[in-house]
Amino acid sequence: MQVQGRQLWCMGVVACGALVVLVTALRRGDAAMNEHDRELFLQRRQSERGIAALEFVELGGLRLSETERRATPGSDAAPLDQEILAAVQDFLQHRFGAASSPELYLEWCRSRGYTMRSLDDLRDIWWVDQAYSTYLGGPPPEGATAEWLFKACMTGADAYQDGRARIMGVSVDPEWMETVSGEVTRASPQLAAPDTWPVKVLALTGRVSSSQSWLDHPALVSHRLDADGRAKVGAAWLVAEFASGDRRPIRIGVAYDAARAEWIVSSITVGSVAGEESVRCEF
Amino acid sequence: MNIRTAARCSVGVFGITLVSAATVLGQGVGNGGGPGGGLPKKITCHANCNTDGVAQTITCGAGLVACCCPTGQPPVYSCTCSNAQAECPASNCDITY
């Protein structure tokens, strides 16, 4: 009996100790999670307030390449790449500008070396029939060509849901802009990005929508990697205002066309996507 | 004597089991895996994701996995950067322990 009593006492003490350790560990875990969530919440609020306070310049008067940001001691912020910004501005004005039309945009693209992808490829990687149905309320007509579908989708997308995917203006505040460029290879296909606020803002939105181009170009990463095993690519982070009034951080991916010594746009990524909503850009 | 020894052993094993469970649970709830210790986790993008290098359309930090998967209406690539310390959206990837 004496042994049983001592045994029970020991078990009780150890069990209490273990319980304390368990509760402490769970509380520490919970505190760590809350700390992470709290930091995320604060950064998101800072981002939302900052974006709400930004001024936007309509695309027609945009002079992105004149925006300067000088490197300051103790800051990660490097000077902005003026060539990338000029290419992005040119693209935005031709694709989304007030005077743009599918015909003019395609003409401009062809002058830069773009060609329309095949309809099979577009159906496979960019689900163009579903997009057409969403914008225009039914399947595309029999025999529709890729170019015909693009023109219909570009017009449809710009009007869809009050123009939620049509960029109307861009902030030129250099603190909300970032550019980066570098070389990627098959072994290291991701472009490293600086840990700066404009890059972080896009990541803060969580899930983002990434749009592919209807158009192909020999400078695109996949072609360059096939040909040379390496590609020179870049990106610009901006905050854009859409026709619907929404303001969202965006990332525009670019690739360097060495033959023409200029940057071409390869992708558009849009942040602040709520739930399953998507912001699909036709370009 | 033998009984006492046996009792101490069983208590000891019981205690260690509880402490181990607490440690694992604590790390799982708090930090997840990855750098800093805890459960090892692996992020795996779904099979239909990242076609034709589309994951390059976002820039993830070191150690983060980019998953870009078809979703939405109109359809688009929904992209996320995940690591062992972040949640992985069910539509994009799986976390395995």
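**Exercise 1. Describe how helix α5 of chain A packs against helix α6 of chain A in this predicted model.**

Solution. Two packed helices are described by the angle between their axes and the distance between the axes. Here the axes of α5(A) (residues 128-136) and α6(A) (residues 146-159) come within 9 Å and cross at roughly 45°, where axes are lines fitted to C-alpha atoms, for helices over the stretch in contact, and angles run from 0 to 180 degrees between N-to-C directions. Helices (H or I, at least four residues) and strands (E, at least two) are DSSP runs, numbered from the N terminus. That angle makes α5(A) oblique to α6(A), since angles under 35 degrees count as roughly parallel, over 145 as roughly antiparallel, 65 to 115 as roughly perpendicular and the rest as oblique. The crossing of α5(A) past α6(A) is left-handed, that is, the near helix is turned anticlockwise from the far one by less than a right angle.

Next, list the residues in contact (C-beta atoms, placed from the backbone, within 7 Å). A:V128, A:A131, A:Y132, A:Y135 and A:L136 of α5(A) meet A:L149, A:A152, A:C153, A:G156 and A:A157 of α6(A). By class, this contact has 9 nonpolar, 1 polar and no charged residues, with Ala, Val, Leu, Ile, Met, Phe, Trp, Tyr, Cys and Pro counted as nonpolar, Asp, Glu, Lys and Arg as charged, and the others, Gly among them, as polar.

**Exercise 2. Locate two backbone features, at A:W127 and B:P74.**

Solution. Most residues other than glycine have a negative phi, and most peptide bonds are trans. A:W127, although not a glycine, has a positive phi of about 45°, and its place is the loop between α4 (119-126) and α5 of chain A. In chain B, the peptide bond from B:Q73 to B:P74 is cis, with omega near 0°, and B:P74 lies in the loop between β2 and β3 (76-82).

How values were computed:
Residues numbered from 1 in each chain as written. Chains lettered and ligands numbered in written order. Predicted model: local features only at pLDDT ≥ 70, side-chain atom pairs only at ≥ 80, totals over all residues. Contact = placed C-beta atoms within 7 Å.
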